[in-house]
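The exercises below are to be worked with the sequence and the coordinates at hand.

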Amino acid sequence: MENKPIKSDSRTRNYFMYAFGEILLVVIGILIALSINNWNQDRQNKIILGIYTKQLIEEVDQNISKLNTVIDEESKLVIQLDTVIDLLAKKDFENNKMIRKAYALLSFEDFAPETVAFENLKLSGEFKLIQNINLRNAITSAYNTFESVRLTQEVHYYNMKTRIADYFLENANYMNIQETMPSFGKDQVFSNLALAARATLKQKIKSCESSLEKMEELKLLLQEFKSDEL
């Protein structure tokens, strides 16, 4: 009769050991599954981040190229306006360079930035995948410079399409510049238009140069990030 409790206790211990082993196996299985899931997620995130990084580098390259073009072309226009303003200062109105150089007032090099990769990164909610805070700030800062370029560009474009275009319509002969009205360029209005155009062009160039600097810095950071993290 005394052996029965001993056998019962033994069976109870065996049951609990078995149950504990089962629970342990389940826990280990869950931990392994979570580990595999996390590994797969990290791997997937790296793939996604690699795609965005590649796209951003390509987009930054495009913007660098566009900014360089705008800076070069607008700088040429400033040189032509320098000649016009110099002739006006000397009152050399009959100089044949006047009308030819003055057409720089109607020229314009548009800057239309590429932002698809940047916008997709933001809208997808995957901007947070970039753990490097300095890089995230550099991306935002570089793309934000486009707003300054846009504003200076709009000011110049508005003046060109309204005041300057109106002046040329009234005083210039587009078919034959040699038959342009003798009064062309001799009034204060033209002088003011030339000075204003040069000022807005220089401001636009300055904004483009600032944007270009940020873009070039961002390109280096993206290349380093791609090399180190991906």
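**Exercise 1: helix α4**

Task: find which side-chain oxygen reaches the backbone nitrogen of Asn134 at the start of α4.

Solution. The oxygen belongs to the side chain of Asn132, and it comes to within 3.0 Å of the backbone nitrogen of Asn134. The model is predicted: local features need pLDDT of at least 70, side-chain atom pairs count only at pLDDT 80 or more, and totals for chains, interfaces and linings use all residues. Residues are numbered from 1 along each chain as its sequence is written, and side-chain values use heavy atoms, with hydrogens and water left out.

Next, take the span of the helix. α4 has 39 residues and covers 57 Å from its first C-alpha to its last. That is close to the 57 Å expected at 1.5 Å a residue, where the expected span is 1.5 Å times one less than the number of residues.

Then look for a bend. α4 has a kink of about 35° centred on Met160; the bend at a residue is the angle between axes fitted to the seven residues ending there and the seven starting there.

**Exercise 2: the whole chain**

Task: state how many helices and strands the chain has, and what share of its residues count as buried.

Solution. The chain has 5 helices and 0 strands. Both kinds of element are DSSP runs, numbered from the N terminus: helices are H or I with at least four residues, strands are E with at least two. For burial, 31% of the 230 residues count as buried. Buried means under 20% relative accessible area, exposed over 50%, and partly exposed in between (1.4 Å probe, protein chains only).

For contacts (heavy atoms within 4.5 Å), consider pairs at least 6 apart in sequence: 81% of them join residues at least 24 apart.

**Exercise 3: the largest nonpolar core**

Task: name the residues that touch the most other members of the largest nonpolar core.

Solution. A nonpolar core is a set of buried Ala, Val, Leu, Ile, Met, Phe, Trp, Tyr and Cys residues joined through side-chain atoms within 4.5 Å. The largest one has 53 residues, and Ile139, Tyr143, Phe190 and Leu218 touch the most other members. Two or more residues come from each of α1, α2, α3 (116–123), α4 and α5 (188–229). The most come from α1, which gives 17 residues.

Now follow Ile139. Leaving out residues up to four places away in sequence, Ile139 touches Leu56, Phe118, Phe127, Ile130, Leu218 and Leu222.

**Exercise 4: single residues**

Task: decide whether Ala197 is buried or exposed, and do likewise for Lys91.

Solution. Ala197 sits in helix α5. Ala197 is buried because its relative accessibility is 3%. Residues up to four places away aside, Ala197 touches Leu81, Leu105, His156 and Ile164. The C-alpha atoms of Ala197 and Val155 are 9.5 Å apart in space, while the two residues are 42 apart in sequence.

Lys91 is in the loop between α1 (3–89) and α2 (97–102). Its relative accessibility is 62%, so Lys91 counts as exposed. Lys91 also has a positive phi of about 60° although it is not a glycine.

Leu106 belongs to the loop between α2 and α3 and is partly exposed, with a relative accessible area of 27%. Its contacts, apart from neighbours within four places in sequence, are Met160, Ile164, Ala165, Phe168 and Tyr174.

Notes. Polar contact = N/O pair within 3.5 Å; in protein donor to acceptor, adjacent residues only side chain to side chain.
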